[in-house]
Each structure stands twice: as structure tokens, then as C-alpha cells.
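Open the model in your viewer and keep the selection panel at hand. The stops below say what to select and what is there.

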Amino acid sequence: MKYRSIKKALLPLLGAAAFCGATSAEKLVILHTNDTHSTIDPLPDGTGGVLQRKAIIDSVKNAEKNVILVDAGDVVQGTTYFKYFKGDVEYPLMDMMGYDLRVLGNHEFDNGMESLAKYYKAAKGVPLSANYDFTGTELEGVFQPYAIREIDGKKIGFIGINIDPASIIAQKNIAGEFKEVIPVANELAAKLKHEEGCDLVVVVSHIGYVSGNAKTSDIDLAESSSDIDLIIGGHSHTLIDPDNPEETPSLIGNTDGKPVRVVQTGKQGRYLGKLTIDLDQLPLASGEMVDYELIPVTNRFPQEILDARMIEFIRPFRETVDSINNVVIGYSAYELAKERTGGLPNLTADISYHYGKSLVDSLQSVGVDVPDVDLSIMNVGGIRHHMPIGEITEGQILSTYPFSNHIVIIGVKGSDIIEAMRVSAAKGGEAVSDNVRVVTDSVGNLVRVVIDEKEMDPDKEYIVSTIDYIAEGNDDLVSLANNRKFWEDDVEVSVPILMWIKNRQKLGLKVAPDQGSRFVVLWSNLN
């Protein structure tokens, strides 16, 4: 198939097409986003931003008669807008942008079911979820398993598919029943195509393009299907670029060998996906007949083109966010990337380790029987942004560590820690304190765990400083749920991190964690 380049896709939006009427009654355009993660303002590099996205959406709607706007989940979590306002910014803006259909991401549950129900019951777009059964919960009756849109005599069916919440969504934040992805999606796709007479079946999913664990991915779903034509995905933050089909293929063969078009736009609203379907060609012979483009979302638009209503809506929230982002609390000596290992994970685990030890000292001083901390394990999934060199602001830390998790002190058997490190090594690493080294072979298989220069004893109980989310066995660290809880802190994890950085500033010290990986390759495996 001949793919259009990103640059070519952009040109009509900035030219006459942005101001003309409908060009064809025989086309359907599906615009889609995923994992925008509370990115209200443009990012430092000028990409993203809801006002800029809305300008592109409007230009496409001016140029095309039939446009459907879809989101594949994780609209929230990742900036101080959500940390402070809990969804009061993101969800109304989704309505202002005109989203027609949306599915739940895992982070939609970060403030629990009651909060989520408040926002989704008020949503203008149709909420889809086929494989979450919310019977008896606050969300009962809110979601539809599918929706059908009829356009120029053609029927388009949309199915909402969600991720298995186990080890991803905190148990306290979700209730209801999860149904396996593939049988639910295939059953509904067959119903839509053969009973409802749909000419096109689209799955809008939040399960990930690929999976780093045993959970079903979009590729798995496409390969196991026969009646699904398109999959609009999210969760894995994958940028499926039509100009690089070898790196992230967009066409995946199904059980009949027919290509299914699979798309995803990365994260933070940097791109808007555009699918163009010739309605005269429906039903499709294959997903290859769907034209797929990525439109860059940048700050190229003049102020007068931006949506005035949205500008006024955002203004009071931005004033609060800016006031927090302008408070300098310290300085970083290095550029600390958001990676699975290295400086930022090291900093996070070391702060947890020392804070855990200071908590124990305080508790012991007042007669509370809590054993000394041996190590810290923190999840890199809880680190949402990198840390640039130079000034560190309060807002930056709150955005980097946005979750409402609390430090806990737990006792865990060595064998369970070793199993958690085996899982972590296979994923590329995790945040562990400086007295720990996880030794692997050259392909990431666990060899041993070393603590304080000694091999970890599988039969010994170790005292771990971590967060409640990890202590529940989330982020695939299932074995850590086998623990004894000694103490849970009463402040969110961002508080001790802020305290530590501010104390460094008082002492005239920069933030300067070691940069090396604490997941190391066995020296005998090196060339």
C-alpha cells in the first residue's frame, strides 16, 4: 500500500481545505487519540495541547462531511491539572472537542469508581465497554458494549474493549467483572457484521499494541479475529507510523489471512490519527483499503484560530497550575530520563529507602515495634516525566509523581522478592535502592539478586520500603503481595520526595543520583 507521509497529511489542513465545505459524501473520516494523559498545554517541545488539537479537528470537520471522533482511553493522569482538579478539566474539554465515542483507560480509575461515575454519567460522547461488567456498581448502566452509526446508507459498528485490570488497576479503585478480550470482541464483531448488517466493524481498545506480560494485545486480537476490520488502540503508548511499517506494522493478518488495520498515536496528544474510508468500498475486502495518516499536533496555529470558549474555560485552572509550576524547590545536576533503569529510578528508590528508614527510626523512638528497612523497591510506572537539568519546580515533582500512593513498610520473603526481580528484569528493570543489584544474563534472564554485597537469601524475610500499589502486587510484581504490612504512611509519596529535594536545596546541594543501571549483566556473559 502507498502511505502518505506526515508532512503531506498536514498540508491540506493548513491550506484552502481548512476553510472549505464538504468535499465528498462518500468518505468517512475517523479521527482518534489515545493516552493524552492530562496534557492540556503544549509540551516543552511545542507538541500537543488541547487547543491545538481542537484546531485540527475543526479543520478536518470543515473539509469533510462525515467525521467521527474517537478516544481510546487514559485521558487523565500525568500533569498537575489532574493532580489538583481530579478530572474537572479533562472531561469537559473532551466534550468541547466533540468526542463521539470513548473507552476507559486504566488511569480513568485512579480516583476510584465514584469519581469516575460522576464524570462519565455527564459525558456527551458515548462511553463503550464490552468486557467490563459493572452490574451493582456506581457505573452500572453507564456503558454500552457497542454503538452503530449509519452514514450514507452504510452501517459502522464500534466495540469498546478494556484491559484486564489485574496487577494494573488498584483493587480498591475498581469493582465489577472482567471478561476476556478475544471471545467478547469476536462474539460482538460477528453479531455486528452478520446480525446487525454492519459494513465496517471497529474495535476501540485500551489493551496495548503489544504486551509485556500475559495479557491480550491488539496484535493478539487482530490475529484471532475474522470479523474485525479496524482496531483503534491505546495503553502501550505506541506510535504506529504509516511511514515505518516495518518497525510497527499497522496491518496484521487475521484468521483468514485478511489484513486488519491497527492504529495508535503514541501519547500526550502529540498526534491526531486520521483514518479515511471510501464508503463505496464497504464492506472492506481488507484493512489495507483504509487510508491511515498521523497529523502532528503543534503550536503552529495563530491565537485567533484557537477555540475561545476552551481558552476561557482553561484560564482559571492554568493560573493555579502556573503558580505551582513556578515554585523552584531545587536543582538537578543532570538530565534524568524517564527510563526503566538509571538516574531517575535510582533517585526514586533511594528517597523511598532513606525515608522508610527514617520512618522506622521515628516509630521505634516512640515504642512502635517496626523492624529496620533492608531495601526499597519502587515502580518505574509511577514515574511519569523526565527531570531536565537545572531548576526543579514543585509542579514538576507533582506531575512526575502524580499518584495517590503512600509509602508502606512490609516484610517480604526473599523468594518473593527474587520472583519480582525476575519479572522486572524481563521488562527491562525497576527502581531498586543503591544497596541492591539485580544480576542477569545478556538477554535479561535473572541470575541472582544481591543485597549489601551478599546474595539474597530466599528463606529470609526482608523489610521493604515501597508503595501500597506495589505491596498489593500491581505492575506485574504479583509475588510482592505475599507480605506482612508493618506500617503505612499517611501522606502521598510526592510529599517525602518534595521534602528530600527541598532539604538538598537548603544544604546547597543539587539532585545528583548515580546514573548507572542497578540491573547488571553477569560479567562472565560480557564479550
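## Stop 1: Asn474

Select Asn474 and, leaving out residues up to four places away in sequence, look for its contacts with Ser167, Ile168, Ile169, Ala170 and Tyr469; contact means heavy atoms within 4.5 Å. The model is predicted, so local features need pLDDT of at least 70 and side-chain atom pairs pLDDT 80 or more, while totals for chains, interfaces and linings use all residues. Numbering runs from 1 along each chain as its sequence is written, and side-chain values use heavy atoms, with hydrogens and water left out.

Asn474 sits in the loop between helix H12 (468-471) and E24. Its relative accessible area is 2%, so Asn474 is buried (buried is under 20%, exposed over 50%, partly exposed in between; 1.4 Å probe, protein chains only).

Now show the side chain of Asn474: 3.0 Å separates it from the backbone oxygen of Tyr469. A polar contact at 3.2 Å links the side chains of Asn474 and Glu472 (a pair of N or O atoms within 3.5 Å, one able to donate a hydrogen and the other to accept it; residues adjacent in sequence count only if both atoms are side-chain atoms).

## Stop 2: Trp487

Move on to strand E24 (residues 483-492), where Trp487 is found. Trp487 counts as partly exposed because its relative accessibility is 32%.

## Stop 3: strand E9

Select residues 200-206, strand E9: seven of its seven residues are buried. One side carries Leu200, Val202, Val204 and His206, the other Val201, Val203 and Ser205.

Terms used
Helix = DSSP H or I, 4+ residues; strand = E, 2+ residues; numbered from the N terminus.
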